[in-house]
Amino acid sequence: MSGHDDLVFTSKLAEQAERYDEMVSCMKSVVKSNPDLTVEERNLLSVAYKNVIGSRRASWRIICSIETREQQKGNAQHVSIIQNYKKTIHKELSGICDDIISLLDNSLIPAAVTGEAKVFFLKMKGDYHRYYAEIDAGDTQKTNAGDAYQKATEIATTTLAPTHPIRLGLALNCSVFFYEIMHESEKGCSMAKAAFDEAVTELDSLDEESYKEATLIMQLLRDNLTLWTEDLQEGGDGTQVEEA
């Protein structure tokens, strides 16, 4: 086994052990070794960062919820403690986002050759700018997320079938971006519905494995559409949505 292969294997070990910070470290070394990743390698990279960021995003949501409750109680001392504690989580979240976005901009996106790889990494860039926008009140992260999603969508529509899991995942996450981050509810809904409807027309042409992959993401699109429709009718309750 080469050093590159050893790193990939170690990354798989770290995944099985649920040691995702180490998995990230291994996959960063893999990218440094050769940024033109295989499908398996890019999926490992995605899993590593998604788990590392996921726990922090969950922490941020929980702490923000507690902060709101304490503010409603008028407990200024607790609110002050919470706001200081949020700075720690904010620093971790922004650090992870900066880290993967730099890797994408400087190595992964420039090295991507196929349409599929370009869409995968541009979608990933949009996702991490979106996560950044969840904790950053400014417009920079929103603009960067929108730009990345737009570029990914342009390539996806010309190189990937409507039933391709990466194209469907892009539509899913992009619709979440417009609905949750940009507060453009109708645009988010119409984007999700269009992706679902377009994929439905081509399902019959898929083999069994591709059918399973496509319908899994299509169900997430449908779940979000159901939730969003209810929210729009009832005024919304901030329920967590599905994303790829």
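Guide: We'll go from the overall fold to a single residue.

Visitor: Is this from an experiment or predicted?
Guide: This is a predicted model.

Visitor: OK. How many helices and strands are there in the chain?
Guide: The chain has nine helices and zero strands. Along the sequence the pattern reads α-α-α-α-α-α-α-α-α.

Visitor: What radius of gyration does the chain have, and what would a compact globule have?
Guide: The chain has 19 Å. A compact globule with 244 residues would be near 18 Å, so the two agree. The C-alpha trace spans about 60 × 45 × 30 Å along its principal axes.

Visitor: And how many of the residues count as buried?
Guide: Of the 244 residues, 42% count as buried. The chain exposes about 12,800 Å². Carbon and sulfur atoms supply 50% of that area.

Visitor: Switching topic. How many positive and negative charges are there?
Guide: There are 25 positive and 40 negative charges. Their mean positions are 5 Å apart.

Visitor: Now one residue. Where is Asn 84?
Guide: Asn 84 is in helix H4, which covers residues 76-111.

Visitor: Why does Asn 84 count as partly exposed?
Guide: Because its relative accessibility is 46%. Partly exposed lies between buried, under 20%, and exposed, over 50%.

Visitor: And how far is Asn 84 from Glu 230?
Guide: They are 146 residues apart in sequence. In space, Asn 84 and Glu 230 are 36 Å apart, C-alpha to C-alpha.

How values were computed: Residues numbered from 1 in each chain as written. Predicted model: local features only at pLDDT ≥ 70, side-chain atom pairs only at ≥ 80, totals over all residues. Heavy atoms only, no water. Helix = DSSP H or I, 4+ residues; strand = E, 2+ residues; numbered from the N terminus. Rg over C-alpha atoms; globule rule 2.2 N^0.38 Å. Buried < 20%, exposed > 50% of the residue type's maximum accessible area, 1.4 Å probe, protein only. Areas by Shrake-Rupley, 256 points an atom, 1.4 Å probe, with all protein chains shown as cover. Lys, Arg positive; Asp, Glu negative; His and termini not counted. Charge placed at Lys NZ, Arg CZ, Asp CG, Glu CD.
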